Amino acid sequence: MIKVSETRCEYLINPIGIDVKKPRFNWILESNGRDIVQTAYSIQVAVDEQFENLVWNTGRIANGKSVHIKYGGKSLKPSQRYHYRISVEDNMGNHSTWSPGAFFETGLMLSGNWKAQFISPENETNPASSQGWFLKKSVKLKKPLVSARIYATALGIYKVQVNGNRVTDAELTPGWTNYKSRLLYQTYDATELFNEGENILKAHIGPGWYKGDLAGWAGKRAVYGGRNAFSMVLNLEYLDGSIETHITDNSWSSAPSPVLYSEIYNGEEYDARQETPEEKEWKGVDVIDTDMSIVSAQDGPLVTPQEILKPVNVLKDSSGRTILDFGQNMTGWIRFRVSGKEGEKVILKHAEILDSDGNLYTENLRSAKQTITYILKGEGEEEYYPNFTFQGFRYVLLEEFPGNPGVLDSEKFEAVVLHSEMEQTGTFKCSHPLINQLHKNIHWGMKGNFLDIPTDCPQRDERLGWTGDAQVFIGTASYLRNSAPFFTKWLRDLKSEQLPDGGIPHVIPDVLNDAVETDGLLKSSHSATGWADAGVICPWEIYRQYADTRILEENYGVMKAWAGYMERHAAGGTIWDSGFHFGDWVALDAKEGSYFGATPNAFTATVFYANSIDITEKTADLLGKKEDAENYRSLYVRIKKAFQEEFFTPAGRLAVSTQTAHALALYFNLTPESYKKRTVNNLVKLIEDEGNHLNTGFLGTPYLCEALSRNGRLDAAYRLLLQEDYPSWLYQVKQGATTIWEHWDGLKPDGSLWSPDMNSFNHYAYGSVGSWLYSAVAGISADEKAPGYKNIIFRPQPGGGITSASAALSTVYGKVSINWKLEGDTMQVSLEVPVNSTGELYLPGEELSIKLGSGNYEFSHGVPL
Ligand code: BGC
């Protein structure tokens, strides 16, 4: 038997608002046999659920592809639901039935002609105001309704209601893009919210990233504009087949909302006494001139509430005020219920840690206030959660709360975790509880920082899309959760902000382009090694993990331009020793008081240059650009040669004696074969010199363990991983961390803290060791030559006293899993290879792999002692 057990369009189950001319289909197969591969497929796409009116009928295609099959039928129409189904044949001669009907629905399929006007309640640009506004309009239904779709966006953040009910649970829409050239609209099915007769459409808008404060230390505000505005299209489809469209225009009215103030970093002030909209004085709106060509459909996941945490502890600070401990450093906000008198206040302050006296520690937030003020209307129990902001926190101080805080009912508070909706794909467990906690912390680092863009941290006055951080973490992220749609979107922003000379900004969206003048540290706002390379590494990683070639096609131009930039700036086109770089950022081998690690820029820049050229060459080759591929190949060979001449002594010693330099030279295959042994031994020696500790920063840390394990020193890799003393991953865990810290010494063994200037406790970068937990400790990795886990590399590498490990991964082909345990001198391994995939199992001590077809397997293997 063969069965199509899951079908997806553009990675999603039954998506609406798809604005891709040729959406792609993926499916997962199920069979009770072994070694099963697909041999043929058929796809039908129809406008009706009965599949009578077909717009695409492939017929039988003798082909094994089951991922990213591009739609190839009649041109798709806007705002139309299409039903699709798939059937397959396998290599055993089995035929599946049709998959259960699934659908995708197109968006407005604009090409730059968004029709609705942008309406603003603010008469003129008003950059200083952080006020929220209501906008409303009544719409009468003339006939029985079949469906209602709302397509909405804003200059600022918006929420939409129909008859007092929100159309979505998504928050912070339309998210953060490069609003100068990309503004996304979202699609909502609002059919159920409409009544016969009159209906009230209401929007609530606030400053958000568009007008609010950004990059607090650089004092940025109103980066994209000084006036908030809202825009939407409502399509009503009546039973008689007619369609009626309503758009925002000057017939709408507006009034100030109870949000007196709302800012991403600072929080919100809300006066519930001003809630009753009927009593408000409604005035008109201004239609503002906006470039309609920048509006396009949402092309990544939305931010939605994902989890609810309850307080695990109710504490008192040194002045006797209540602090709620939610037990987890997280990103989102507090939803609370309160009763009291009109005009009484709730004031909440959010922070990641407490100081040694048990008081809320807010200094590391820098200028971010993270404060919520709610003024009660005084009518029974009131409920509130913020509208246009989010906080990074574990602890919440109730600076004011009506009633007697001594009898405070902590049940009234819940922390709502917000992040981009990305399905969890990876799970990991092993016999070492602290490593399991580390994995959990890494995962929470991801949850806390994948909020529409990949942020460095979610709490201080920063929360920016630092390219370097995203680049070092993307491999781990792609194990933990489906990261393809998220990075598709962010990389489109990156592409839109690449500079004419190929340079790539440090942060995407780029809000630091003129920060160099005010920032003491930045000597340039773009093109730092290991940061800018995100434009190359991120698309490649998505290709490796999800077999997504479209992301390579979309970003090949970015790769080429960045390659050109580096080549022009490198001496003789090979050694890159100029420009401003963060280098091995916050490494412990930095000089006292400096953030810049000891590994010289010429070294790190040339390594990342070589790696990006290597990826660009592989991409060119895959995309059939033979000439480019040849040029990049020969450039790569020249860089590698120059690198080896520059950094290795004739006797084979790596002349830069830092851990990072050794790890990079090994990991990126820049070490001559004959020098590898010496290089890896020297790396081990450098680690031993630190008492078996690492001292690496952002650029070295992600590769340390793999550089060791791949070169015969698994023992040393485990010593690092399992180190519990400062500095190490487990030191943080033992200090009670629930996320990953920005600094190895964020909280020092003597209880003192790193300078509050730069001391985040939720920075995912060092969590990049997560991919080694999956690839080496458990033993699952993607094979770049058959990407997306079409072929799975199983290479479990027991060590460090760990006696068992297991991991499972939902891939585009289906579920991959491994589970191993040591029993005496025997290793028991069970594996799962999905249908239409293959696996290669490398058992410890064996040179040759065992080739596997789909199915479940059990092995018993004598472990070399
Ligand atoms: C951020 C980092 C970022 C770095 C650039 C910091 O302020 O938080 O994570 O990559 O600056 O070096």
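This is a predicted model: local features need pLDDT of at least 70, side-chain atom pairs count only at pLDDT 80 or more; totals for chains, interfaces and linings use all residues.
A pair of aromatic rings is described by the distance of the centres and the angle of the planes. In total, 66 aromatic pairs are present in the structure. One of them joins Trp-176 and Trp-209, whose rings are stacked, with 5.8 Å centre to centre and 10° between the planes. Trp-176 belongs to the loop between strand S12 (165-166) and strand S13 (183-189), whereas Trp-209 is part of helix H1 (residues 208-211), so the pair ties together parts that are 33 residues apart in sequence. Both Trp-176 and Trp-209 are buried.

A further pair is formed by Phe-698 and Tyr-766, which is edge-to-face because the planes stand at 75°, with the ring centres 5.7 Å apart. Phe-698 is found in the loop between helix H10 (676-689) and helix H11 (704-709), and Tyr-766 in the loop between helix H13 (729-734) and helix H14 (770-778); the pair therefore ties together parts that are 68 residues apart in sequence. Phe-698 has a relative accessibility of 4% and counts as buried, and Tyr-766, at 1%, likewise counts as buried. Phe-698 and Tyr-766 are also members of one aromatic cluster, which includes Trp-466, Trp-531, Phe-580, Phe-582, Trp-585, Tyr-595, Phe-596, Trp-729, Trp-744 and Trp-754.

Charged side chains are also placed over aromatic rings. The charged end of Arg-81 sits over the ring of Phe-103 at 3.7 Å from the ring centre. For Lys-447, the charged end sits over the ring of Trp-444, again 3.7 Å from the centre.

Helix H7 takes part in two packing arrangements described here. With helix H8 (residues 626-647), the axis of H7 (residues 601-622) comes within 8 Å and crosses at roughly 160°. An angle over 145 degrees counts as roughly antiparallel, so H7 is roughly antiparallel to H8. The crossing of H7 past H8 is left-handed.

Two buried residues illustrate local surroundings. Pro-174 lies in the loop between S12 and S13 and is buried, with a relative accessible area of 3%. Pro-174 and Tyr-185 are separated by 11 residues in sequence and by 6.4 Å from C-alpha to C-alpha. Beyond residues up to four places away in sequence, Pro-174 touches, among others, Thr-153, Ala-154, Ile-157, Tyr-158, Leu-183, Leu-184 and Gln-298.

Leu-773 is located in helix H14 and counts as buried at 0% relative accessibility. When residues up to four places away in sequence are not counted, Leu-773 touches Phe-428, Ile-435, His-439, Ile-442, Leu-721 and Ala-778. Between Leu-773 and Asn-163, which are 610 residues apart along the chain, the C-alpha separation is 50 Å.

Methods
Residues are numbered from 1 along each chain as its sequence is written. Side-chain values use heavy atoms; hydrogens and water are left out. Rings of Phe, Tyr and Trp (its six-membered ring) pair if their centres lie within 6.5 Å; planes under 30 degrees apart count as stacked, over 60 as edge-to-face and the rest as tilted. Helices (H or I, at least four residues) and strands (E, at least two) are DSSP runs, numbered from the N terminus. Buried means under 20% relative accessible area, exposed over 50%, partly exposed in between (1.4 Å probe, protein chains only). A charge sits over a ring if NZ of Lys or CZ of Arg is within 6 Å of the ring centre and within 35 degrees of the ring normal. Axes are lines fitted to C-alpha atoms, for helices over the stretch in contact, and angles run from 0 to 180 degrees between N-to-C directions. Angles under 35 degrees count as roughly parallel, over 145 as roughly antiparallel, 65 to 115 as roughly perpendicular and the rest as oblique. A crossing is left-handed if the near helix is turned anticlockwise from the far one by less than a right angle, and right-handed if clockwise. Contact means heavy atoms within 4.5 Å.
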